[in-house]
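Visitor: I'm new here and would like to be walked through this one. Please tell me how you know each thing as we go.

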Amino acid sequence: MVSTAQQSAISASDLSKSYGRFEAVRGVSFEVGVGEVVGFLGPNGAGKTTTVRMLSCFLPPTSGTARIHGLDVRERPRDVKRLLGICPQEDNLDPDFDVLKNLLVYGRYFGFSGSVIRPRALELLEFVALSDKIHAPIQSLSGGMKRRLVLARALLNEPRVLILDEPTTGLDPQARHAIWARVRSLRARGTTVLLTTHYMEEASQLCDRVVIMDGGRILIEGTPQSLVDREVGRTVVEAWNHGEEFAGFLRGLPGRLEEVGDRLYFYPTEGDHIERLLEERFPQQERLIRRATLEDVFLKLTGRALRE
Amino acid sequence: MRTILHNVSLRSLRVWQRDIDVYMTNWKTEFLPPLLEPILYVFAFGFGLGSLIHEVKYQGHTLSYVQFMAPGIIAIAIMFWSFTETTYSSFVRMYYQRTFDAILATPLLVEDVILGELLWAASKAVIASAIMLGILTALGLVAWPSGLWVIPLAALGGLLFSALGLVVTAVTKNISSFNLPMFLLIMPMFTFSGTFFPVDILPSWALKIAWALPLTHVSFQVRAAVLGWPDPWLWASVLYLVVLTLILSALALLLMKRRLIQ
């Protein structure tokens, strides 16, 4: 056990957080290996952010333990935070300083001298494509630029573990892809990354492994592809404006049928011949046959009901 | 006490440094109020009100009203600059700018943030009182070198009132709620702490209350320093202020921890 704990970048064991009678996180256990990129998925209120905040020493766990490279978050918060790069959900850049000064002041919190931090800050601004904004006031930056600056700030202390809490929420596609490119290049350099996200595509694109949470618990974890294969199979049939005859036909086939409003989802156990079969029997039926995605897994496990 | 002091460290100076960096980028506007305030008060109250009140009997001496009041406005400034810094300004940093959250993602802990904020607010009181001391000296209202005692008194009083401010901030839900402690704590001290008139003219029950107010001790000792009449009760006042400062700082830390770590 000791040796696995040392190999893990992050290791959580029976981690819980309660607020009075409300249990935000109910005993989650997981490991993140060194150099691994792991995504935490879950609807709002699933407990993702609370878990992340316990790992980054913001919240003391109600019970259970969490270790970063073997260091207990409760006993060694200063040392743990030295190893972490934290990108919070809300931008909390210092509006009293310009872009470069934000990094210099932040580096000072880590105890780095100006001569160490300045070249590193300039290099990171280059990395996140903000070199031409060095002296821009924070208020003048777009949402995407702010996120990139927060990412640069999280990398200042050359963290061994990067924690990204919803890194691309609210960004336009260009800005999102810019963040993804940075995360991929960090992954190539061997940085361990834990990210939370609502976007299944983000998780599929970036993560070696995903963990799906709901109601404060971990429902399932694995590689994105293995979860898709295991939970929903290869193919999904979506149909609309369909009659009872069509639904009845699908019900007779091996697989899982789901009707949501006026739309029908069918997850066949054997997807290879479904297209030909439907073409023969219901050539006029409006439908879409597509590959199953992580989103199908997510909706199957967490349901389609609105959370808020 | 040991658990409270457990995480206190010199890293709090990083927080102090951050605040002073912000102050220095706006120094032109920051220096102006403490520069103009004494001039305004001295002319309005000192010469205006002073033309009605010709002299004040104070500790067996007779003073002009402006001489009496000038140290009072330094004492008020010590309270005002430190208290507003850890109420309105700290609240903006904590709640709107989320600066504390950003700092807590680094090796600094809540204790460092709180101590840094206290040190900075006290520094602001020291800077303001030093500027006012200069202006009042130019107006011929300060005895030297005893006037220099104002600086350590400003540091102590600044710590006290900034701790009081943080206690208030820790339990305040929104920024407009600060009007209440302003009215209940700061205004009574502003008027009844021997700032604009000697406390001994108060009825005895009110006098007891006045001596419980920390600003009474600050204004009394600042006046002794500015007038150059050493006060035999100096160390008793200092002790009282130190004890209050320690209690309020511990309380501020406790309540802020509860607020920031949930």
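Visitor: How many bridges join strand β9 of chain A to β10(A), and in which sense do they run?

Guide: This is a predicted model, so keep that in mind throughout. Five bridges join β9 (residues 209-214) of chain A to β10(A), and the two run antiparallel. For two strands to count as paired, at least two bridges are needed, and five is what we have here. One example is A:I212, whose bridge partner in β10(A) is A:I220.

Visitor: What makes β10 of chain A an edge strand?

Guide: The sheet is an open one of six strands, in the order β6-β7-β8-β3-β9-β10 (chain A), and its pairing is mixed. The edge strands are β6 (84-87) and β10 (217-222) of chain A, as each pairs on one side only. Neighbouring strands of this sheet are turned by 15 degrees against each other on average, ignoring direction. A helix packs on this sheet too: α6 (residues 143-155) of chain A touches β6 and β7 (161-165) of chain A, and its direction makes about 165 degrees with that of β6(A).

Visitor: Which strands form the open sheet with antiparallel pairing in chain A?

Guide: Four strands do, in the order β2-β1-β4-β5 (chain A). Here β2 and β5 (71-72) of chain A stand at the edges; each has a single partner strand, so one side of each has no neighbour in the sheet. Helix α2(A) packs on this sheet, touching β1, β2 and β4 (63-68) of chain A, with its direction at about 120 degrees to that of β1(A).

Visitor: How do you know that β1 and β2 of chain A pair, and over how many bridges?

Guide: The cut-off is at least two bridges, and β1 (residues 8-19) and β2 (residues 22-33) of chain A have nine, in the antiparallel sense. So by that rule they pair. Along the way A:S11 stands opposite A:E31 in β2(A), and A:Y19 has A:F22 of β2(A) as its bridge partner. Together β1(A) and β2(A) form a hairpin with two residues between them, and A:G20 in the turn has a positive phi of about 60 degrees.

Visitor: Why is helix α2 of chain A called mostly covered?

Guide: A residue is buried if 20 or more other C-beta atoms lie within 10 Å of its own. In α2 (residues 48-55) of chain A, eight of its eight residues are buried. Among them are A:K48 and A:R53, along with A:V52, A:M54 and A:L55. After α2(A) comes A:C57, with a positive phi near 65 degrees.

Visitor: Let's cross over to the other chain. Why does B:A70 count as buried?

Guide: B:A70 has 28 C-beta neighbours inside 10 Å, while the cut-off is 20 or more. So B:A70 is buried. Its place is in helix α4 (residues 65-96) of chain B. Leaving out residues up to four places away in sequence, B:A70 touches B:V42, B:G46, B:L136, B:L141 and B:V226. B:G46 is 24 residues from B:A70 along the chain, and their C-alpha atoms are separated by 7.7 Å.

Visitor: How do you know that the radius of gyration of chain B agrees with a compact globule?

Guide: A compact globule of 262 residues would have a radius of gyration near 18 Å; chain B has 19 Å, so the two agree. The C-alpha atoms of chain B fill a box of roughly 60 × 40 × 35 Å along the principal axes, and buried residues make up 45% of the chain. As for its elements, chain B has eleven helices and two strands.

Visitor: And what is the make-up of chain A, in helices and strands?

Guide: Chain A has twelve helices and 14 strands. Its C-alpha trace spans about 75 × 45 × 35 Å along its principal axes, and buried residues make up 40% of its 308 residues.

Visitor: How many residues does each chain give to the contact?

Guide: Chain A gives 20 residues and chain B gives 19. On the side of chain A that touches chain B, the elements giving two or more residues are α3 (77-83) and α4 (99-109) of chain A. By class, that side has eleven nonpolar, two polar and seven charged residues.

Visitor: What confidence does the predictor give?

Guide: The complex gets an ipTM of 0.86 and a pTM of 0.88. Chain B averages a pLDDT of 89, and 98% of the residues score at least 70.

Note on methods. Residues are numbered from 1 along each chain as its sequence is written. Chains are lettered from A and ligands numbered from 1 in the order in which they are written. This is a predicted model: local features need pLDDT of at least 70, side-chain atom pairs count only at pLDDT 80 or more; totals for chains, interfaces and linings use all residues. The radius of gyration is taken over C-alpha atoms; the globule rule is 2.2 Å times the number of residues to the power 0.38. A residue is buried if 20 or more other C-beta atoms lie within 10 Å of its own, exposed if 12 or fewer, and partly exposed in between; C-beta atoms are placed from the backbone. pLDDT is the predictor's confidence in each residue, from 0 to 100. Two residues are in contact if their C-beta atoms, placed from the backbone, lie within 7 Å. Ala, Val, Leu, Ile, Met, Phe, Trp, Tyr, Cys and Pro count as nonpolar, Asp, Glu, Lys and Arg as charged, and the others, Gly among them, as polar. Axes are lines fitted to C-alpha atoms, for helices over the stretch in contact, and angles run from 0 to 180 degrees between N-to-C directions.
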